[in-house]
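Here is a short report on one protein model.

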Amino acid sequence: MERLVRTLTGDVTPEALGRILIHEHLCVDWGEMLGRPKAVDFDYGEMVERMVSKMEALHQAGIGAMVECTPIGCGRYVDLFKDVARRSPVKIIASTGFFHESWCPIHPIAQALDIDAITDLFIREVTEGMGDTLIKAGMIKCATGEGRISPKEEQILRAAARAHKATGCPIITHTTNGMGLEQLDIFQSEGVSPQELIVSHIGFEEDPLDYSERMLRRGANVSFDRIGMHIFYDDDHWVNVVGNAIRKGYIHQVMLSHDAAVFAYGLEETSDEDVFDDYTYIPRVFLPKLQKEAGLTDEQISVILEDNPQRVLAFGLTT
Ligand SMILES: [Zn+2]
């Protein structure tokens, strides 16, 4: 069975994607979950133009694809994404899934359904279409809050595992300053190995070098992201964390991203004004720094930005 990547504009061979950013957003709208979506008052045409021009700049910076990691109810406007993808030189992979419940309420659909029904929903979004569209997801997103995994978050993780086993569609998780190891435990109890997962926002824990090594030793693929968002960490932090992972021999498990968005609304810390929308920061600024300061070769950069994401994004599509 040929392994393909499911993008918003059709299934493609992984090699056709070139360099990939594994955890980005076009749009984050927490207001959708908080009952006051801003969707109604943005100018649709202007938003498409803004997003397309960002994707054009990203393509010029040498990136061929990105994963749009926004789950159901957090501004995952499928038709908008499709309209952008049709004109974007960068291929876009969209996500099914649900977010965690410490930053906003759990989505009412996730709240109402049991594990089997959430699993069915994820499978349907991968094989038939997201929401009320016929546009298919190529990623399953799930998430945990800080310091604990709530019962509903655990159900969503288990449903993601089961939908992954049924379809092969990859899983990307969000962590909030930890709980990555506990996520791996839950997935392993469902028969999904850490090698099949991408765990995001690693490097934010109390001891980031130690924590990332523990994740990598278990076999997980990790996303070092929010690179360029200096309200969290400067570049030195990421040169240190990424360089350490490479030196310790884990190059085949490392991926990079910005967690950027063109539009973000709804929580105080994600207002539209201060949203990080520089999708070119990694290729333009961070990679030269990483190569100079941590000594990475061009071949090693290709492993991180091409081989690794291409490997995990491709699955044996039957529908
Ligand atoms: Zn994100």
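The structure holds 0 disulfides, a disulfide being a pair of cysteine sulfur atoms within 2.5 Å. This is a predicted model, so local features need pLDDT of at least 70 and side-chain atom pairs count only at pLDDT 80 or more, while totals for chains, interfaces and linings use all residues. Residues are numbered from 1 along each chain as its sequence is written, and side-chain values use heavy atoms, with hydrogens and water left out.

Buried means under 20% relative accessible area, exposed over 50%, and partly exposed in between, with a 1.4 Å probe and protein chains only.

Cys142 sits in β8 and is buried. Helices (H or I, at least four residues) and strands (E, at least two) are DSSP runs, numbered from the N terminus. In β8 (residues 139–143), 5 of the 5 residues are buried, so the strand is largely enclosed by the rest of the structure. In a regular strand the side chains alternate between the two faces of the sheet. Here Met139, Lys141 and Ala143 lie on one side, with Ile140 and Cys142 on the other.

Two strands pair if DSSP finds at least two bridges between them. Strand β7 (residues 95–97) pairs with β8 in the parallel sense over 3 bridges. Serine 95 has methionine 139 of β8 as its bridge partner. Strand β9 (residues 171–174) runs parallel to β8, joined by 4 bridges. From β8 the chain passes through helix α6 (residues 151–167) to β9, a right-handed β-α-β crossover. Right-handed means that, with the strands pointing away from the viewer, the path from the first strand over the helix to the second runs clockwise.

**A separate sheet**

Another sheet is open, with 3 strands in the order β2-β1-β14 and antiparallel pairing. Its edge strands, β2 (10–12) and β14 (315–316), each pair on one side only. Strand β1 (residues 3–7) meets β14 over 2 bridges. Leucine 4 stands opposite phenylalanine 315 there.

**Core packing**

A nonpolar core is a set of buried Ala, Val, Leu, Ile, Met, Phe, Trp, Tyr and Cys residues joined through side-chain atoms within 4.5 Å. The largest has 91 residues, of which Phe122, Phe224 and Leu256 touch the most other members. Phenylalanine 122 touches residues including Thr96, Ile140 and Ile156, not counting those up to four places away in sequence.

In helix α3 (residues 78–87), the buried residues include Val78, Leu80, Phe81 and Lys82. The buried residues of α3 pack against β4 (27–29), α2 (44–60), β5 (65–68) and β6 (91–93), with contact meaning heavy atoms within 4.5 Å.

**The zinc site**

Which protein donors does the zinc ion have? They are His23 (NE2), His25 (NE2) and Asp259 (OD), at 2.1 to 2.2 Å. Donors are N, O and S atoms within 2.8 Å of the metal (3.2 Å for Na, K and Ca); water is not among the atoms, so sites may look incomplete. Along the chain the donor spacing is H-x1-H-x233-D. Histidine 23 and histidine 25 are both buried.
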